[in-house]
Amino acid sequence: MCGIVGYTGPKQAYPVILKGLKRLEYRGYDSSGVALLNNSSLNVYKKKGKVAELEEFLIGKNVEANIGIGHTRWATHGEPSDRNAHPHTSANGKLAMIHNGIIENYAQIKTELVKNGYSFTSDTDTEVLLNFIEYIQTNNSCSLEEALRIALKRVTGAYCILLIEAASPDTIIAARKGSPLVIGIGKGEHFLASDASPIIEYTKEVVYVNDYELAIVKPDELILKNLGNETITPYVTKLDMELSAIEKGGYDHFMLKEIFEQPSTIYDCLRGRLDAAAGTITMAGVQLNIEQLKNANRIMILACGTSWHAGLVAEYIIEELCRIPVEVEYASEFRYRNPIVNPGDVIIAISQSGETADTLVALNKAKEDGAFIFGVVNAVGSSIARISHAGAYTHAGPEIGVASTKAFTGQLAVLMMVALKIAIEKGTITQERYTHLLNELNDVPEKVDAILKNSEELKTIAEAYKDASDFLFLGRGYNFPIALEGALKLKEISYIHAEGYPAAEMKHGPIALVDENLPVVFVATKDSYHEKIVSNMQEIKARRGKIISIITDGDTISPELSNHYFSIPTADELIAPILTVIPLQLLSYYTGVAKGIDVDKPRNLAKSVTVE
Ligand code: M6R
C-alpha cells in the first residue's frame, strides 16, 4: 500500500529515489511523484500511472537536488490521478509530504481547516494532514518537528510520512504508526524507504523505525524521538539480503522467478531445522514455548488472502497430528466481531509481508486479551514479527510479485514442522508416522523441482482456457484450501472469475454453473478422499464441464475423465498441498501472460495491504 523513498546526502537524490520507487512499485502503482529540494527551491513532479511514466515525464526537467522524497501510490482517498498523486505541497508552498496509510479522522480536521480559510487541490487525506501541520506551525510559530508532533497527537489511523521543508534544505522528517519505515545509514548520507529494497545496494546498516517514533534525518545525523519529544537510541541492524534477491535474474516476471525459486526457498526453510536422518526438528520459537503450545486449549489462526489459505491447511494438519482444536479466521473479521480469547489460547499469525494492517490490528487485539502470539512471517523484522511473542520465519526471501507463491509454500513447510514438533512432544503421533512425515517433508524440494520441469504442459493448458469467463476449482481434505488458493491466484492475475469449493459441496449449488464452457480444476491427488473426488469428476463430466485435473503419477482413472491433466510425484496427503499448489500457480501465471496482463502488477492490487 504505497511505497515511499527518501534520500539526503551528497548524491543526486532523483536517481536514487527513482530506482527505489521502481523496486517498491509492487506496493502500489496507480501514480507516482517526487519532491526535490535544491537549496531552498522545492520542485514537485507527479504523474498518474506507473513509475516509468513519471520517469518519462521528467526527461528534460530540473531534477537537480541532494535531498528528496518519492512515492508510488495505491489509491485510498481519491481516484488515481495527477492531482491525487503524492507528494503533496502545503498551502504556503513551503512543505512537501508523502504518506503511506490512512488518516481516519481527516474529515473532521478538514472541516476545521476549511473554517480557517484552507482550500484543497486533491481529494486525499494526506493533503489534509499536511495543511494541518502547516497550520499548527504557522499559528504556534514553532519548528516543523514540533508542529508534526502536535498534529500526530490529534490523528487517528495509520501513517508513514516523510516531510521536507524549503527552509531546511538538508533535513527529512519522518514518522510512523502502522506503516513500515526503514532508514539506511550510509557514509554521510541516509536513505529512507518502506522496505529495504531501495536501500540494499548502498548500505546494509539499517534502523527499523517503530510506531509512534519520529526521525529527524540529515546527511550525517539521525535523531529518533518519541511523540513525547524524548530521544531514543536507534537500534542498528545488518540486512541479511543480497541485491540479486530483488532482481528478476533473467525471468520475464518476478512471479515466474519466485515460482521457480521454490525448490531452494523450501530447502532454505527446512535447512538447519529439519534433520530427517537424526529424526529431529529444531525450532527455537517452538521449543522455548512448547508447554504453552502443546497445552493450548485452542489454536486460532489469523491471516488474510493466501496466508489464510495456508492457515486452513494448517488447521487440518494440526488437528490431525496434535489433537488441538483449531479455528482459522480472516483477521479483518476477528478484529470487529468481539471474539472470545482466553489466556490458554494460542494465536498463530501468518503473513508474508508482516505488515498487513488487518492482521496486525487483530493481533494487537488478541494480545490485549492475553493470547500468546506465534508469528509465521516471511519479512524479517516486520511489524507482525516484532509484536509476536515467538515465531518462525519462512525464509522465502523477498517476494516481489503481487501474487504470493514462494511465501505460501514456505508457510506450509513451517506450519508442518510446527505441527510435527508439537505432536511429537505431546505424544499424539507415533514415532513411525513422525519419521515418515519428516522424510516426506525432506523430499519436497526435489519433488517441486520435478514438477517445475514439466511447466510447459501448464502453458499449453493455460492457452486452451485463457478465454473462459469463469473457472471452478475443487478439492477435498488437505487439498480443499489449495482449490481456494488456485481460484484466488487465477482471479488476481488473469482477471477471470474463479471460485474455489470443497468438491463434495459443489453439488449443493455451484453445480448449476456447469456446462460445456466451464473449466473445472480438480485437485485430485491419491489420498484418502480419492475415490470420492473421482465421483465428483464423474458428476462434472456428466454435465459436460471441461475437467483439468492435478493428479498423482501413476493414476490411471483420473486421466480418462479429464480433458487435461497434470501429474505430480507421490506424496503423503499431509504434504501434498505443498506440491499441488505449484501447478496451480503456473496455470494462473501462464493464463495471465497469455491474456497480456502485467502479472507482477495486476490492477487494483498491492503487495502489502497496510490499510484496514
Ligand atoms: O503479507 P500477507 O501474507 O499478510 O498478505 C495477505 C494477503 O494480502 C495476500 O496473501 C494476498 O491475498 C496476495 N495478493 C495473494 O496472492
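The following dialogue discusses how to read several features of this predicted model.

Reader: Which residues come nearest to the ligand?

Author: The ligand has 14 residues around it, and those that come nearest are Ser307, Ser351, Ser353, Thr356 and Glu492.

Reader: What lies 2.4 Å from an oxygen atom of the ligand?

Author: A polar contact is a pair of N or O atoms within 3.5 Å. In this model, a polar side-chain atom of threonine 356 lies 2.4 Å from a ligand oxygen atom. The backbone also takes part: an N or O backbone atom of glutamine 352 is 2.7 Å from an oxygen atom of the ligand, and one of valine 402 is 3.2 Å from a nitrogen atom of the ligand.

Reader: How much of the ligand does the protein bury?

Author: The ligand taken alone exposes 410 Å², and the protein buries 92% of that.

Reader: Is valine 376 buried or exposed?

Author: A residue counts as buried under 20% relative accessible area. Valine 376 has a relative accessible area of 0%, and is therefore buried. Its place is in strand 21 (residues 372-377). From valine 376 to tyrosine 45 the separation is 331 residues in sequence and 40 Å in space, C-alpha to C-alpha.

Reader: Is glycine 272 buried or exposed?

Author: A residue counts as exposed over 50%. Glycine 272 counts as exposed because its relative accessibility is 68%. Glycine 272 is placed in the loop between helix 7 (262-270) and strand 16 (274-275). Between glycine 272 and proline 502 there are 36 Å in space, C-alpha to C-alpha, and the two are 230 residues apart in sequence.

Reader: What is to be noted in the backbone, for example in the phi of asparagine 39?

Author: Most residues other than glycine have a negative phi, and most peptide bonds are trans. Asparagine 39, although not a glycine, has a positive phi of about 55 degrees. Asparagine 39 is in the loop between strand 2 (31-38) and strand 3 (41-48), and counts as exposed because its relative accessibility is 59%. Tyrosine 212 also has a positive phi, near 65 degrees. Tyrosine 212 sits in the loop between strand 11 (205-208) and strand 12 (213-218); with 44% relative accessibility, tyrosine 212 counts as partly exposed.

Reader: Which residues does a cis peptide bond join?

Author: Histidine 86 and proline 87 are joined by a cis peptide bond, with omega about 0 degrees. Proline 87 belongs to the loop between strand 4 (67-73) and strand 5 (88-89).

Terms used. Residues are numbered from 1 along each chain as its sequence is written. This is a predicted model: local features need pLDDT of at least 70, side-chain atom pairs count only at pLDDT 80 or more; totals for chains, interfaces and linings use all residues. Side-chain values use heavy atoms; hydrogens and water are left out. A residue is near a molecule or strand if one of its heavy atoms lies within 4 Å of it. A polar contact is a pair of N or O atoms within 3.5 Å; within protein, one must be able to donate a hydrogen and the other to accept it, and residues adjacent in sequence count only if both atoms are side-chain atoms. Accessible areas come from the Shrake-Rupley method with a 1.4 Å probe; for residues, only the protein chains shown count as cover. Helices (H or I, at least four residues) and strands (E, at least two) are DSSP runs, numbered from the N terminus. Buried means under 20% relative accessible area, exposed over 50%, partly exposed in between (1.4 Å probe, protein chains only).
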